[in-house]
Every structure is written in structure tokens, then in C-alpha cells.
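Please look through the sequence and the structure shown below before reading on.

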Amino acid sequence: MNKTLLPLAAVLALAAPAVATAPGPAPGSRGTSIDELVAECRASGLSGWDLVDEATRRVHEAFDHISLWHLWEGSATALRHGHGWSAQYNGALKHVLRRLGFRVEVVHAARVHHLGRNPWWNAGHTWLRVTHDGRTLDVCCSRAQHRAGQVSFVPVTQVRPMNRWTRSVVSLSLAPVVSVQAWRQLAGAPVPKWLYRGFDEDL
């Protein structure tokens, strides 16, 4: 084998179990598309921040599982399959809100402090900042009770824009951890909740 291809082959070999063992769409998953959610939101007759909250609720309901197992999927695919991590489910919400005419910025922080159900849990997170009618509010569909400007986390590190490059870097940084866990599961280890759990399930 060409020596220049050896690193690529090693990466593929490490990642193969994660891809091979990743769960498919959850039974009963709606298989929702961006187009369907946009149409449902428009049909609601709502506007302004009420429409933002409606879109947030609908995207939340479309996801069955929090998953770091499917890092390679785009937001639209993750939405259709009903599983994803914060960049995927809030990425899907971004597409819906932009189609509805809102100005949306995707942001992330290396650490956020979760309030309420998981007060001890600090981790990276990606969410949205939506601007409408002269106000910019935090928006996130990770919890059913979230409303524009009312989210259950506080960033404890600098908030930065999340673009395609940043998302790729974050995904690549998570991939080795996920791959090692997939190898452990092949040896009989249980699936940890940080990797895959019900969308509203606590850690």
C-alpha cells in the first residue's frame, strides 16, 4: 500500500465499527423533511416570536434521540432519521427558520452549564441566535420547554460563530472518541447515554 494512504486507511479502520454499528432511524420516526416543517409552520398562522417557538417545538418533536453516533450526517438527514447532536438538530431548526424569513446565526461554546435536570453536566453545545423586530434571542430545540430567549443552559466559555469549517473540526475532534466507544461496544460494553439516548432523557 502507498505509504501516503496508510493514515487514511488507519482512520477508516478505526471509524468502521462506529458506522457499522450506528442505529438506524428509530421505529416510529416521522421521517420529517425541512419542507414539511416549513409548510406546517406557515399553516399555523403564527408570526414573529410565536412562529419561532412553533418551529422550535416542531423540530424538537421530530427528533427521537440525542446521538453522537451519526456525526457524518447533515442536518436534513439527521432530521429525517430523527437522531442527532446539537449541531444537527439546531442546524435543522436553522434551515426552517431561515426559510420562514428569520435572520439566524449558528453559535457554539466549548462549555455550557446546563440548568435544571443536569446541573452538574458541562459540555460543548451549538444553538441559534435569532434576530427579529430589533431583538436577538437564544433559540434551541434541545428541550420541549425552550422558548426564544428562555433556554436551560448558560455558556461558560466564549460564544463563537459555528460555520461549516468549525462544525467539521468539532465533528473530527469527536470522531475518535466515538470510534473507540464503538470498539468497546463490540467487546460487549453497554451504550453510554452521552453517545445515544432518548431526546428528552437525562444523562
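## Surface and burial

The protein chain exposes about 10,500 Å², and carbon and sulfur atoms supply 57% of that area. These values belong to a predicted model, in which 45% of the 203 residues of the protein chain count as buried.

## Order of the elements

The secondary structure of the protein chain comes to six helices and eight strands, and from the N terminus on these elements run α-α-α-β-α-β-α-β-β-β-β-β-α-β. Among contacts between residues at least 6 apart in sequence, 63% join residues that are at least 24 apart.

## Cysteines

The structure holds zero disulfides. For Cys141, the closest cysteine sulfur is that of Cys140, and because the two sulfur atoms are 5.8 Å apart, they are too far from each other for a bond. Cys141 counts as buried, since its relative accessibility is 0%, and Cys41 is likewise buried, with a relative accessible area of 1%.

## A loop residue, Leu115

Leu115 is found in the loop between strand S3 (103–114) and strand S4 (122–132).

Which residues does Leu115 contact, leaving aside its neighbours within four places in sequence? Leu115 is in contact with Ser152, Phe153 and Val154.

Terms used
Residues numbered from 1 in each chain as written. Predicted model: local features only at pLDDT ≥ 70, side-chain atom pairs only at ≥ 80, totals over all residues. Heavy atoms only, no water. Helix = DSSP H or I, 4+ residues; strand = E, 2+ residues; numbered from the N terminus. Contact = heavy atoms within 4.5 Å. Buried < 20%, exposed > 50% of the residue type's maximum accessible area, 1.4 Å probe, protein only. Areas by Shrake-Rupley, 256 points an atom, 1.4 Å probe, with all protein chains shown as cover. Disulfide = S-S within 2.5 Å.
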